[in-house]
Amino acid sequence: ADGPWAARQQVRENRKYGADVIKFCATGGTLSKGTNPGVRQYTLEEMQAIVDEAHTLGMPVAAHAHGTEGILFAIRAGVDSIEHVSLIDDEGLELARRKGTFLSINAYTPIYMMAKGEDMGMLPESVEKARRLADTRLQTYRKAIEAGAKIVFGSDSATYPHGDNARQFAVYVDLGMSPLQAIQSATTVAAESLGLVGDTGAIAPGYFADIIAVEGNPLANISVLEKVVFVMKGGRVYKSLD
């Protein structure tokens with residue numbers, strides 16, 4: 001969609017056909033062929049139109065954004081969360097803190113892409129982009145953690161195999177989170193970011209009863225979360241040691 005009114009039309013059309021959240025690409029991406037992750041893809045006016053229209057219709061807005069300017073524009077426009085935030089700067093971190101913007105950080109993705117991207121059939125262009133960004137990206141994430149940003153456990157779904165998500169906990173801890181903070185990013189903070197406080201994100205009466213169990217104490221060794229031995233969803237047991 002080009003221009004604020006065309007962007008509004010797309011939001012309305014998506015809502016008409018059942019969407020309950022809007023996500024747009026504020027910048028290019030690593031897996032997006034022919035795009036530069038650091039380059040902004042919408043004007044501020046277009047982003048403001050998307051956010052205003054979505055919020056008017058009761059939908060939260062997420063922005064895919066790697067680049068510094070695109071992140072700043074998206075936060076100023078009022079998005080609820082930024083996905084990736086690879087090159088967020090001090091101004092962006094402060095603005096996100098003041099506006100309560102959630103930062104969905106997928107810190108395991110660049111590690112996986114560099115190690116296995118080519119073997120998994122990713123474009124050489126994408127693997128190279130991931131390699132160029134990796135060190136800066138991880139340094140940025142460390143800074144965001146130190147700044148006390150509202151960090152959500154971002155899985156970057158389908159970039160790496162489902163089930164490998166838990167490997168990110170150890171990366172978060174390596175970058176400066178405490179084990180408890182890492183766990184909260186995937187539970188209480190995630191519930192808040194999705195508007196589901198009171199339904200999920202905790203084990204308590206009246207909640208969804210989505211529960212996992214592991215053998216060991218993740219506060220002592222976060223990596224035990226990579227081997228889940230018990231899964232309950234909505235009160236129904238799907239995996240058990242029995």
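## Phe-24 and the nonpolar core

Leaving aside its neighbours within four places in sequence, Phe-24 is in contact (heavy atoms within 4.5 Å) with Tyr-42, Met-47, Ile-50, Val-61, Ala-62, Ala-63, His-64 and Val-79. Phe-24 is also, together with Ile-82 and Ile-105, one of the residues that touch the most other members of the largest nonpolar core, which has 55 residues. Such a core is a set of buried Ala, Val, Leu, Ile, Met, Phe, Trp, Tyr and Cys residues joined through side-chain atoms within 4.5 Å, where buried means under 20% relative accessible area with a 1.4 Å probe and protein chains only.

## About the model

This is a predicted model, in which local features need pLDDT of at least 70, side-chain atom pairs count only at pLDDT 80 or more, and totals for chains, interfaces and linings use all residues. Residues are numbered from 1 along each chain as its sequence is written, and side-chain values use heavy atoms, with hydrogens and water left out.

## Ser-126

Ser-126 belongs to helix α6, residues 124–146, a helix being a DSSP run of H or I with at least four residues, numbered from the N terminus. With a relative accessible area of 2%, Ser-126 is buried, and, apart from neighbours within four places in sequence, Ser-126 is in contact with Thr-30, Leu-31 and Met-113.

Methods:
Helix = DSSP H or I, 4+ residues; strand = E, 2+ residues; numbered from the N terminus. Buried < 20%, exposed > 50% of the residue type's maximum accessible area, 1.4 Å probe, protein only.
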